[in-house]
Amino acid sequence: MGTTLNRILKRIFDVFFSFTGLIVLSPVLLIVSLIIKLTSIGSVFFKQERIGINEKPFYIYKFRTMVVDAEKTGRQITVKNDERITKSGVFLRRYKLDELPQLINVLRGEMSFVGPRPEVKKYVELYTLEQKEVLRVKPGITDYASIAYRKENDLLKDSENPEDYYINIIMPHKISLNKKYISKNNIFIDIKIIIVTVLKCFM
């Protein structure tokens, strides 16, 4: 009963604040859209297939921060000073403004405010059966791993092989943090994680 109630409260929280956020932040969303359109060639939004709850694929939405077809010209992870990142993209990534369109994913029920960050299929296929436990809950905009690895691009930049470092070092630790969240979570823990995430954006 407690788990069911927690799930219901979480969904009510997600719907209310994602809808409210889209309305309140609409001027910001418009300004960011104009900046992207005026400073680089391509669409305002970037969408990418990710793996969600129960291994169901969905498209995640972000403001575009990289050149068009960036994934075709390099790896699926980014490092600090990645030449594919646009000038406006540097600023948007710094303050996580590129993540705002994910409010749409939350409103649609594909994501939650808090939950394991959704991965691309390429990396999910590397999960062990035990690691796939993180796929039994909705992915989120932020989580313990997002806070711990808010400067992930810096770590990747300093490694000889960024993708290998991500797969063998960072990804397993992220999954362990995700499992920690799954083992104990409620609406109050979610609110705490959201507040810490917002504060970290300005540090």
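Author: About 11800 Å² of the protein chain is accessible surface, and carbon and sulfur atoms account for 63% of that area; such areas come from the Shrake-Rupley method with a 1.4 Å probe, and for residues only the protein chains shown count as cover. The model is predicted: local features need pLDDT of at least 70 and side-chain atom pairs pLDDT 80 or more, while totals for chains, interfaces and linings use all residues. Residues are numbered from 1 along each chain as its sequence is written, and side-chain values use heavy atoms, with hydrogens and water left out.

Of the 203 residues in the protein chain, 43% are buried (under 20% relative accessible area; exposed is over 50%, partly exposed in between, with a 1.4 Å probe and protein chains only). The C-alpha trace spans about 50 × 40 × 30 Å along its principal axes. Its radius of gyration is 17 Å, which agrees with the value near 17 Å for a compact globule because the chain has 203 residues; the radius is taken over C-alpha atoms, and the globule rule is 2.2 Å times the number of residues to the power 0.38.

The protein chain has nine helices and four strands, in the order α-α-β-β-α-α-β-α-β-α-α-α-α from the N terminus. These are DSSP runs numbered from the N terminus: helices are H or I with at least four residues, strands E with at least two.

Now the part itself. Strand β1 (residues 45-51) pairs with β2 in the antiparallel sense over seven bridges; two strands pair if DSSP finds at least two bridges between them. Together β1 and β2 form a hairpin with five residues between them. In that turn, N54 has a positive phi of about 60°. Among the facing residues, Q48 stands opposite I60 in β2, and E49 has Y59 as its bridge partner in β2.

T65 counts as buried because its relative accessibility is 5%. Neighbours within four places in sequence aside, T65 is in contact with R84, I85, T86, G89, L92, R93 and D98, where contact means heavy atoms within 4.5 Å. For the protein chain, 68% of contacts between residues at least 6 apart in sequence join residues at least 24 apart.
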